[in-house]
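My notes follow in the order in which I looked things up.

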Amino acid sequence: MWGALFAGGLGTAAGWYVWRQACRFGPSAPCRSPLFHRAAVSLLCGILFAIVRMQDGRGITEQLPTLLLIVFCLLVSLTDVLFRRIPNAVLLAALPVLSGLRWLEHSDVWLSSLLAGGFGLLLFGTISALRPDAVGMGDAKLAGVLAAAVGWRTFVGGLTVGCALALAAGVLMLFGGRAGRGASLPFAPFLCAGVLAVYVLS
């Protein structure tokens, strides 16, 4: 109980910090949102940290890869929502950290991790080349990082969940009159949500 509360508090602080960092990658106007938005992001991060902490009996240091994955996903999701971009600097910093932590935990997965990253990059890179209006190269690079960090099975499962979430959101917005047929949605939040859901629950 106390461990979950501590993790939740830590996550809430991390979520507030992530919001501030996300605002560094674009114009200031989108970041002048109501305090409620920033508080909601912080609370979401805190809840996710608490869920991970309660999931098993491991210490918080052993759960560090999962917590860092949450922070990374939250950051790229925010930059995609606020500015429709996924910063290369964040991706380049996250790739060795997230992959390296996974290799330390499972020393025999480095090759499959590299292949998974290549698979994610190639899959989304091909889609981006064919339909640049639907998928950007930022999404392709994000897919590569996520696949390398969680492995190809978790990535494929997360991709399936993420696509289902994006489809549901698109349908709701279309029938709710909040978007036209040609409108697009930032895909990073859905991909990250799907990957995190499969990774945390598996």
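Before reading any handedness, I noted the convention: a crossing is left-handed if the near helix is turned anticlockwise from the far one by less than a right angle, and right-handed if clockwise. This is a predicted model, in which local features need pLDDT of at least 70 and side-chain atom pairs count only at pLDDT 80 or more, while totals for chains, interfaces and linings use all residues. Residues are numbered from 1 along each chain as its sequence is written, and side-chain values use heavy atoms, with hydrogens and water left out.

**Entry 1: H3 and H4.** I took helices as DSSP runs (H or I, at least four residues; strands are E, at least two), numbered from the N terminus. Axes are lines fitted to C-alpha atoms, for helices over the stretch in contact, and angles run from 0 to 180 degrees between N-to-C directions. The axes of H3 (residues 64–83) and H4 (residues 88–105) come within 10 Å and cross at roughly 160 degrees. Angles under 35 degrees count as roughly parallel, over 145 as roughly antiparallel, 65 to 115 as roughly perpendicular and the rest as oblique; H3 and H4 are therefore roughly antiparallel. Their crossing is left-handed. With contact meaning heavy atoms within 4.5 Å, I found that H3 residues including Leu-68, Phe-72 and Val-76 meet a set in H4 that includes Ala-94, Leu-98 and Glu-105. The residues of this contact of H3 with H4 divide into twelve nonpolar, no polar and one charged. The classes are nonpolar for Ala, Val, Leu, Ile, Met, Phe, Trp, Tyr, Cys and Pro, charged for Asp, Glu, Lys and Arg, and polar for the others, Gly among them.

**Entry 2: the partners of H7.** I next looked up H6 (residues 137–150) and H7 (residues 152–175), which pack at about 130 degrees with their axes 7 Å apart, and are therefore oblique to each other. In this pair Ala-143, Leu-146, Ala-147 and Val-150 of H6 meet Trp-152, Thr-154 and Phe-155 of H7. H5 (residues 110–130) also packs with H7, at an angle of about 30 degrees and with the axes 9 Å apart, and the crossing of H5 and H7 is right-handed. On the H5 side this contact is made by Ala-116, Phe-119, Gly-120, Leu-123 and Phe-124, and on the H7 side by Trp-152, Phe-155, Val-156 and Leu-159.

Entry 3: On a 1 Å grid over the protein atoms alone, a cavity is a set of points where a 1.4 Å probe fits but cannot get out, a pocket is an open set with protein on both sides within 12 Å along at least five of seven lines, and lining residues have an atom within 4 Å of a point. I counted one cavity of 30 Å³ or more, and about 40 Å³ of space lies in the largest cavity. Pro-65, Leu-69, Leu-98, Arg-102, Ala-149 and Tyr-199 line it. Tyr-199 lies in H8 (residues 188–201) and, leaving aside neighbours within four places in sequence, is in contact with Thr-66, Leu-69, Val-150 and Thr-154.

**Entry 4: the second largest pocket.** Volumes are the space filled by probe spheres set on grid points, which are joined across faces, edges and corners. The second largest pocket holds about 420 Å³; among its 19 lining residues, Leu-44, Leu-48, Leu-74, Ser-77 and Pro-189 are the closest to its centre. H8 supplies the largest share of this lining, seven residues.
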